[in-house]
Amino acid sequence: MTHFTPHCQETLFLSPSDVAGLVRSQGMAATLDGLEAYIRQDFSRWSRFDKSARLASHSPDGVIELMPIADGAHYSFKYVNGHPKNTSQGLPTVMAFGVLADVSTGMPMLVSELTLATALRTAATSVLAARALARPESRVMALIGNGAQSEFQALAFHRLLGIDEIRLYDTDAAATAKLVRNLQDNPDTAGLRLRACASSLEAVRDADIVTTLTADKTQAAIITAGMLRPGTHLNAVGGDCPGKTEIHPEVLAAAKVFVEYEPQTRVEGDLQQMPAGFAVTELWQVLAGQATGRDSAAQVTVFDSVGFALEDFSALRYLYDQARRLGLGRALPLIPRLDDPKDLYQLVRPALSGACAAPSAGAHAKPVAEPLLN
Ligand SMILES: NC(=O)c1ccc[n+]([C@@H]2O[C@H](COP(=O)([O-])OP(=O)(O)OC[C@H]3O[C@@H](n4cnc5c(N)ncnc54)[C@H](O)[C@@H]3O)[C@@H](O)[C@H]2O)c1
């Protein structure tokens with residue numbers, strides 16, 4: 001375990017093993033619960049944020065995105081990609097890191113891995129939405145797409161929302177087998193029943209909640225009209241990029257659709273298939289009591305999730321607070337500390353020979369706090 005002693009001029013670095021250590025030391029359920037609370041808190045401060053749709057750079061096999069956001073006190077951004085073919089090359093489909101900075105000075109407070117944290121915050125956001133939109137008596141969930149994100153969604157819905165049966169389907173049977181392996185004999189899944197299914201149709205039959213988590217850069221229709229029973233809540237997570245959808249437009253047309261940030265979801269979500277005037281509700285409005293969630297027990301609700309910068313802002317805030325509490329992470333020598341902040345040149349000033357030689361850059365610049373030992 002590494003330790004970080006905070007200093008206002010130091011940047012904390014959290015590696016994937018630091019974030020994993022944080023989850024292990026707090027427990028998965030407590031971590032997801034804490035993240036959901038931070039995300040809820042920030043959604044409830046919606047008007048305080050300077051918001052924008054993320055900046056996407058598309059290429060034939062994927063996308064790289066920058067996701068900035070700020071309130072009056074903190075600024076954050078996430079770098080994240082989405083490359084569905086990556087897994088065949090031994091790389092995750094989704095990889096991410098991010099920065100949390102102090103708005104009053106611009107000083108980066110935290111540089112963190114966000115690959116693991118994205119899976120955690122996405123699952124926490126899905127539960128936050130389902131808590132507001134799904135029928136409270138929901139107990140059975142279908143989970144379609146059993147890749148990197150799937151364990152986190154399964155655990156969040158089981159531990160935080162009371163889902164006690166999950167029906168699994170993936171076109172890759174090995175992905176489903178991996179998910180079953182990870183969830184079986186797991187202290188976090190006591191009382192959870194798992195059922196591997198032969199098709200999406202079988203998985204979805206009689207489910208209260210359907211989570212779609214597939215990755216394919218195509219206009220897919222994993223869920224089509226007639227597959228969902230009345231009252232289903234659809235947690236649509238995998239359709240998150242132009243030309244990459246999971247839900248047939250007829251399903252959206254017949255449902256009440258909720259989004260994170262409308263300008264972004266119109267372009268990236270399953271919503272991209274719908275006319276510009278198609279009505280949607282932003283999730284924060286429901287959480288703030290400014291809009292209703294589901295209107296009846298029989299209504300189909302859809303959370304067209306694409307992932308919004310605010311959720312990463314919350315995740316970075318949460319990681320920073322918990323890492324400081326637990327003494328996790330290490331100081332990252334990212335920003336030079338100078339005796340005279342106007343004398344940046346001191347870092348590169350040539351060393352002169354003789355008695356009047358200028359001190360070396362190393363002697364002049366304050367050393368950045370050394371990483372503390374494991
Ligand atoms: N909304 C968000 O906030 C958010 C956050 C993270 C990831 N995502 C998206 O979630 C999706 C899943 O991410 P991941 O990291 O688990 O990817 P992954 O590549 O690890 O897993 C995706 C799985 O989907 C399966 N799949 C593909 N097409 C399918 C189909 N037609 N039917 C059933 N299964 C199918 C693949 O075999 C694979 O196992 C991606 O599309 C990603 O972009 C969204």
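Where is isoleucine 69 found? Hi everyone, let me start there: isoleucine 69 is in strand β3, residues 62-70. Strands here are DSSP runs of E with at least two residues, helices are runs of H or I with at least four, and both are numbered from the N terminus.

A quick word on the model before we go on. This is a predicted model, in which local features need pLDDT of at least 70 and side-chain atom pairs count only at pLDDT 80 or more, while totals for chains, interfaces and linings use all residues. Residues are numbered from 1 along each chain as its sequence is written, and side-chain values use heavy atoms, with hydrogens and water left out.

Back to our residue. Isoleucine 69 counts as buried because its relative accessibility is 1%. Buried means under 20% relative accessible area, exposed means over 50%, and partly exposed is in between, with a 1.4 Å probe and protein chains only. Serine 52 is 17 residues from isoleucine 69 along the chain, and their C-alpha atoms are separated by 7.1 Å. Leucine 310 is 241 residues from isoleucine 69 in sequence, yet the C-alpha to C-alpha distance is 6.5 Å.

That takes us to helix α10, where leucine 310 has its place. Leucine 310 counts as buried, since its relative accessibility is 0%. Glutamate 311 is found in helix α10 too, which spans residues 309-326, and at 1% relative accessibility glutamate 311 is also buried. The side chain of glutamate 311 makes a polar contact of 3.5 Å with that of arginine 121. A polar contact is a pair of N or O atoms within 3.5 Å; within protein, one must be able to donate a hydrogen and the other to accept it, and residues adjacent in sequence count only if both atoms are side-chain atoms.

Arginine 121 leads us to the ligand: an N or O atom in the arginine 121 side chain is 3.0 Å from a ligand oxygen. Threonine 93 has a polar side-chain atom 2.6 Å from an oxygen atom of the ligand, and for aspartate 240 that distance is 2.7 Å. On its own the ligand has 860 Å² of accessible area, and the protein covers 88% of it; these areas come from the Shrake-Rupley method with a 1.4 Å probe.

Which residues come nearest to the ligand? Of the 26 around it, they are Thr93, Asp170, Thr214, Asp240 and Lys244; "near" asks for a heavy atom within 4 Å. Helix α3, residues 115-133, gives the largest share of that shell, with three residues.

Now for some loops. Serine 138 lies between α3 and β7, the latter being residues 140-144, and serine 138 is buried, with a relative accessible area of 2%. Isoleucine 163 is 25 residues from serine 138 in sequence, and 6.8 Å away in space, C-alpha to C-alpha.

Finally, two aspartates to look at on the screen. Aspartate 185 has a positive phi of about 50° although it is not a glycine. Aspartate 185 is in the loop between α5 (173-183) and β9 (193-196), and it is exposed, at 82% relative accessible area. Aspartate 206, another residue other than glycine, has a positive phi near 65°. Its place is the loop between α6 (200-204) and β10 (209-212). Is aspartate 206 buried or partly exposed? Aspartate 206 is partly exposed, because its relative accessible area is 47%.
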